[in-house]
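Hi everyone, thanks for coming.

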Amino acid sequence: MQMSFYILTCSVTDVTQLRSEICSYFVNENIMTLEKNMGTVDRIVRPTLAAGIIAAYATGKLKGKAAIGLLTLSGIFIATSSVGWCPAYAATGIDTIVEE
C-alpha cells in the first residue's frame with residue numbers, strides 16, 4: 001500500500017522515469033536485499049508441499065491448467081526454500097526466522 005501511494009505521488013512523465021522511481025523505492029526501502037527471511041520450518045514445509053504436488057502430477061492426479069499453476073508454484077517453493085529468501089515476504093516485511 002505504501003508503494004502504491006509513493007508511485008501515485010511522484011510526478012512521472014515517461015516510462016523510464018517510472019521504472020527509475022520504482023527501482024529507487026525498492027533500493028531505498030531495502031526490499032531487494034537478499035537477507036534471509038525464511039525460518040527452518042518454512043524451508044522444510046515448502047519443498048515438502050512441492051514434492052507432493054510433483055508426485056500428484058506424476059501419478060496423473062493433477063491435469064490441465066491447475067497442474068501448470070501448481071507445478072509453477074512448486075518450482076517457486078523449491079527455489080525460495082533453497083536460498084532462504086522469499087521476495088513476497090521481503091515486499092510485505094514478513095520474517096519467519098525464529099531467533100533463539
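Let's start with how two helices pass each other: the crossing of α3 and α4 is left-handed, meaning that the near helix is turned anticlockwise from the far one by less than a right angle. Helices here are DSSP runs of H or I with at least four residues, strands are runs of E with at least two, and both are numbered from the N terminus.

Before I go on, this is a predicted model, so local features need pLDDT of at least 70 and side-chain atom pairs count only at pLDDT 80 or more, while totals for chains, interfaces and linings use all residues. Residues are numbered from 1 along each chain as its sequence is written, and side-chain values use heavy atoms, with hydrogens and water left out.

Okay, back to the pair. Helix α3 covers residues 40–58, and α4 covers residues 64–83. Their axes come within 8 Å and cross at roughly 150°; those axes are lines fitted to C-alpha atoms, for helices over the stretch in contact, and the angles run from 0 to 180 degrees between N-to-C directions. That crossing makes α3 roughly antiparallel to α4, since angles over 145 degrees count that way, with under 35 roughly parallel, 65 to 115 roughly perpendicular and the rest oblique.

Who makes the contact, meaning heavy atoms within 4.5 Å? On the α3 side, Arg43, Arg46, Pro47, Leu49, Ala50, Ile53, Ile54 and Tyr57. On the α4 side, the list includes Leu70, Leu71, Ser74, Phe77, Thr80 and Ser81. The residues of this contact divide into twelve nonpolar, four polar and two charged.

Now zoom in on Arg46, in α3. Is Arg46 buried or exposed? Buried, because its relative accessibility is 8%; the cut-offs are under 20% for buried, over 50% for exposed and partly exposed in between, with a 1.4 Å probe and protein chains only. Over on α4 there's Thr80, and Thr80 counts as buried too, at 7%. A polar contact of 2.9 Å joins the side chains of Arg46 and Thr80. By polar contact I mean a pair of N or O atoms within 3.5 Å; within protein, one must be able to donate a hydrogen and the other to accept it, and residues adjacent in sequence count only if both atoms are side-chain atoms.

Leaving out neighbours within four places in sequence, Arg46 also touches Met38, Phe77, Ser81, Cys86 and Tyr89.

Beyond four places in sequence, Ile53 is in contact with Leu62, Leu70, Leu71 and Ser74.

Val45 is partly exposed at 40%, and Ala51 is partly exposed at 44%.

To finish, let's zoom out. The chain has five helices and zero strands, and of its 100 residues, 22% count as buried.

Technical notes: Contact = heavy atoms within 4.5 Å. Nonpolar A, V, L, I, M, F, W, Y, C, P; charged D, E, K, R; others polar.
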